[in-house]
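This briefing covers how the parts of one chain meet and what packs inside them.

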Amino acid sequence: MAVLLIESGPALSDEPRLLGPAQIRQLADELGVRPTKTLGQNFVHDANTVRRIVAESGVGPDDTVLEVGPGLGSLTLALLGVAGRVIAVEIDPVLAGRLPTTITEFAPSRADAFDVITADAMSVSRDDLPAAPTALVANLPYNVAVPVLLHLLSELPSITTALVMVQAEVADRLAAGPGSRTYGVPSVKARYFGTVKRAGAVGRNVFWPEPKVESGLVRVDRTDTHSRDPEIRRRVFAVIDAAFAQRRKTMRSALATWAGGAPEAERRLRAAAIDPSVRGERLDVDDFVRLAAVD
Ligand code: SAM
């Protein structure tokens with residue numbers, strides 16, 4: 001009779017081992033971690049979910065991945081299985097402090113390809129990082145997901161793709177197109193950088209603790225259609241903010257304060273070939289870029 005031997009000890013290959021519910025609880029107990037809502041601390045304890053995020057991101061050996069909020073390391077380990085290098089930025093010093101040990105335990109052959117920086121991702125710039133990242137892959141802290149995503153796309157032009165997990169409602173808002181009910185400031189600003197699309201849904205039970213909301217994946221592929229100049233971007237973002245601050249109003253009246261009066265708003269709208277009676281929710285990012293450029 002043929003006997004099939006199944007290896008059950010340590011993995012034979014040098015693939016990282018991934019964290020399951022038992023490892024997550026063990027790490028949390030060891031560190032005395034009490035997940036906080038303020039920092040959006042919901043840790044993924046499902047290996048299939050992190051594998052899926054990594055697959056959707058499309059990162060490979062040539063990529064230096066920036067991961068925001070590595071937490072206990074669930075996604076970090078999966079990323080180290082495929083990416084050339086991973087740079088993680090974690091605000092919580094207790095979590096950041098444990099990560100190098102976790103990586104050495106679960107992905108010993110990849111420890112050299114990993115760096116962690118204890119910092120607020122909202123204020124990270126290129127000078128804080130040991131290398132220029134080519135991709136952003138993250139299960140973002142939900143309360144700051146949009147500002148973190150926009151900050152990093154602005155600050156780090158070397159990032160060509162971003163695959164982020166966010167609250168489902170925020171994923172819908174980011175991926176919405178003009179005319180849709182959910183189209184708004186995050187949708188237009190994200191499009192300034194490139195194409196934006198939903199990349200799947202994620203349920204609550206893959207997290208510890210379980211969040212009150214569903215999650216979704218969003219992918220941004222940088223197209224570099226619009227200027228990288230921070231001053232130009234700031235002007236475009238200011239007109240987007242003004243247009244959506246009063247989204248029920250026509251552009252002529254919504255932009256009155258921004259332009260210094262309704263007649264001036266109308267002049268600029270016409271100069272940018274935009275109907276002054278239209279609402280902001282009908283305009284795409286190209287319209288806002290043209291409008292911001294009118295003298
Ligand atoms: N990546 C881990 C996972 O999937 O299990 C944890 C994701 S958890 C949703 C968000 C993580 O972001 C937490 O570890 C939290 O401490 C961290 N965090 C929160 N705000 C942050 C900020 N402004 N900058 C960097 N990290 C932050």
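In this predicted model, the rule finds 1 salt bridge across the interface of domain 1 and domain 2. The side chains of lysine 189 and aspartate 241 meet in a salt bridge, with 2.8 Å from N to O. Helix H7, residues 185-193, gives the most to the side of domain 1 that touches domain 2, with 6 residues.

- Domain 1 covers 21-222 and domain 2 covers 230-293.
- The contact draws on 13 residues from domain 1 and 16 residues from domain 2.
- Taken over C-alpha atoms, the centres of domain 1 and domain 2 are separated by 33 Å.
- The size of an interface is often given as the accessible area lost when the parts come together.
- By that figure, domain 1 and domain 2 bury about 1,200 Å² between them, and 68% of it is on carbon and sulfur atoms.
- On the side of domain 1, Tyr183, Lys189 and Tyr192 lose the most area to domain 2, together 45% of what that side buries.
- The rule also finds 5 residue pairs in polar contact across the interface of domain 1 and domain 2, both residues of each pair being at pLDDT 80 or more.

**Nonpolar cores**

- In soluble globular proteins, nonpolar side chains tend to be buried together.
- The largest nonpolar core has 57 residues, and those touching the most other members are Leu66, Leu136, Leu140, Met251, Leu255 and Phe288.
- This core lies between domain 1 (21-222) and domain 2 (230-293) because both give residues to it.
- Not counting residues up to four places away in sequence, phenylalanine 288 touches Val188, Val236, Val239, Ile240, Ala243, Phe244, Met251, Gly280 and Leu283.
- A second, separate core holds 39 residues, including Leu79, Ala107, Phe114 and Tyr142.

**Alanine 138**

- Alanine 138 is placed in strand S5, which spans residues 135-139.
- Alanine 138 counts as buried because its relative accessibility is 0%, against a cut-off of under 20%.
- Neighbours within four places in sequence aside, alanine 138 is in contact with Glu67, Val68, Leu75, Leu163, Val164 and Met165.
- From alanine 138 to arginine 233 the separation is 95 residues in sequence and 24 Å in space, C-alpha to C-alpha.

How values were computed. Residues numbered from 1 in each chain as written. Predicted model: local features only at pLDDT ≥ 70, side-chain atom pairs only at ≥ 80, totals over all residues. Heavy atoms only, no water. Core = buried A, V, L, I, M, F, W, Y, C linked by side-chain atoms within 4.5 Å. Buried < 20%, exposed > 50% of the residue type's maximum accessible area, 1.4 Å probe, protein only. Domains from an automatic or database assignment. Contact = heavy atoms within 4.5 Å. Buried area = accessible area lost by both parts, 1.4 Å probe. Salt bridge = Lys/Arg side-chain N within 4 Å of Asp/Glu carboxyl O. Polar contact = N/O pair within 3.5 Å; in protein donor to acceptor, adjacent residues only side chain to side chain. Helix = DSSP H or I, 4+ residues; strand = E, 2+ residues; numbered from the N terminus.
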